Amino acid sequence: MRDALLAASIWLSLIGCQSLAPLLVDEPDMVLIPAGPFFMGSPEGGDGFSDERPQRTVTLRTFRIDQHEVTNAKYEQFVAATGHKPPGNANPDITLWFHGKPLPDSRQHPVVNVAWQDAFAYCQWAGKRLPTEAEWEKAARGTDGWLYPWGNEWDLKKANSASYWAGRTVEFKDGAEWKAFWVTGEGARISEERGLRGEVLTLPVGRFPEGASPYGLLDMAGNASEWVQDWFEPYYYLKAPPTDPKGPDGVLLKVVRGGSWLKPAKSLRTADRDYGFPDDRQSGTGFRCAKDGGER
Ligand SMILES: [Ca+2]
Ligand SMILES: [Ca+2]
């Protein structure tokens with residue numbers, strides 16, 4: 001099996017499926033991801049967690065996906081046009097929107113504090129849809145199973161995460177270490193000094209061009225983590241279909257991808273899977289949209 005994967009990988013790299021420049025299609029800010037196979041998940045013995053295994057060859061139809069996370073400026077158009085509830089944190093002190101408008105400094109930042117239902121409604125309003133988990137991962141890592149959007153080597157300067165702000169690679173073993181960094185430690189100090197409302201360390205979308213994915217997508221690691229369409233189930237990869245998987249039937253948790261400004265280095269891997277209750281409105285979570293087709 002591994003030999004077959006390796007052979008397929010060599011073949012795909014010979015025909016040049018990696019390092020494509022962004023293929024902009026008729027939809028501005030959307031990138032075409034050509035039909036075909038990619039490696040999804042993490043191999044046995046690698047850096048991944050059990051919910052990322054087994055690594056499989058998954059084949060997807062052509063689709064299009066936003067090059068950038070949805071910004072506050074774009075989300076403001078949606079709120080103005082539809083009267084949809086504006087983004088908000090459970091703690092009003094760190095809410096970034098007032099009277100239906102984002103903080104002026106944050107217009108080009110990714111929208112956060114949105115529930116899965118909000119993301120779903122925005123994409124529908126925009127004539128799009130949320131990407132599936134498989135689509136998101138292919139768009140992030142390309143066809144060769146890259147660990148990060150930019151390649152296989154970790155680089156804290158290529159994405160907005162806890163490590164970028166600390167200037168060193170940050171990992172959190174558990175909730176206590178997370179708290180020690182973000183609530184009382186170094187992260188708390190940095191967010192107080194440099195964050196929106198002294199808290200939120202999102203950055204304008206596209207700030208890390210060297211962190212682009214093989215298809216030219218930006219912020220697929222970090223900045224806001226991203227809701228996708230699928231329900232989360234830890235062992236889904238054991239039974240998922242190899243073609244256009246759409247996720248399990250589920251009732252509890254939705255998948256979140258890419259890691260955020262709050263996350264340790266390990267969560268910035270393209271295969272990492274995270275999750276949230278659909279009505280969670282977290283300061284680290286936003287989204288981007290996708291669309292079928294685009295074959296030329
Ligand atoms: Ca992101
Ligand atoms: Ca994970």
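## Strand β4 and its surroundings

Ile33 has Phe63 of β4 as its bridge partner. The model in which this pairing occurs is predicted.

**The sheet around β4**

Ile33 belongs to a strand pairing that involves β1 (residues 30-33) and β4, which run antiparallel over four bridges. On the β11 side, β4 is joined to residues 290-292 by three bridges, again in the antiparallel sense. One of the residue pairs here is Ile65 with its bridge partner Ala290 in β11. Together the three strands make an open sheet with the order β1-β4-β11 and antiparallel pairing. Because β1 and β11 each have a single partner strand, they stand at the edges, and one side of each lacks a neighbour in the sheet. From one strand to the next, the twist averages 25°. In general, the strands of a sheet pair through backbone hydrogen bonds, in either a parallel or an antiparallel arrangement.

| Strand | Residues |
|---|---|
| β1 | 30-33 |
| β4 | 63-66 |
| β11 | 290-292 |

In soluble globular proteins, nonpolar side chains tend to be buried together.

**The helix across the sheet**

Helix α4 (residues 133-141) lies across β1, β4 and β11, and runs at about 75° to β4. Ala139 is in contact with Ile33 and Ile65, and also with Ser213, Tyr215, Leu217 and Met220, when its neighbours within four places in sequence are left aside.

**The chain as a whole**

The protein chain contains seven helices and eleven strands. Its C-alpha trace spans about 55 × 40 × 35 Å along the principal axes. A compact globule of 296 residues would have a radius of gyration near 19 Å, so the 18 Å of the protein chain agrees with that expectation. Of the 296 residues, 46% count as buried. Among contacts in the chain with a separation of 6 or more, 74% come from residues 24 or more positions apart.

Definitions and conventions. Residues numbered from 1 in each chain as written. Chains lettered and ligands numbered in written order. Predicted model: local features only at pLDDT ≥ 70, side-chain atom pairs only at ≥ 80, totals over all residues. Buried ≥ 20, exposed ≤ 12 C-beta atoms within 10 Å, placed from the backbone. Helix = DSSP H or I, 4+ residues; strand = E, 2+ residues; numbered from the N terminus. Pairing = 2+ DSSP bridges. Contact = placed C-beta atoms within 7 Å. Rg over C-alpha atoms; globule rule 2.2 N^0.38 Å. Axes fitted to C-alpha atoms, helices over the stretch in contact; angles between N-to-C directions.
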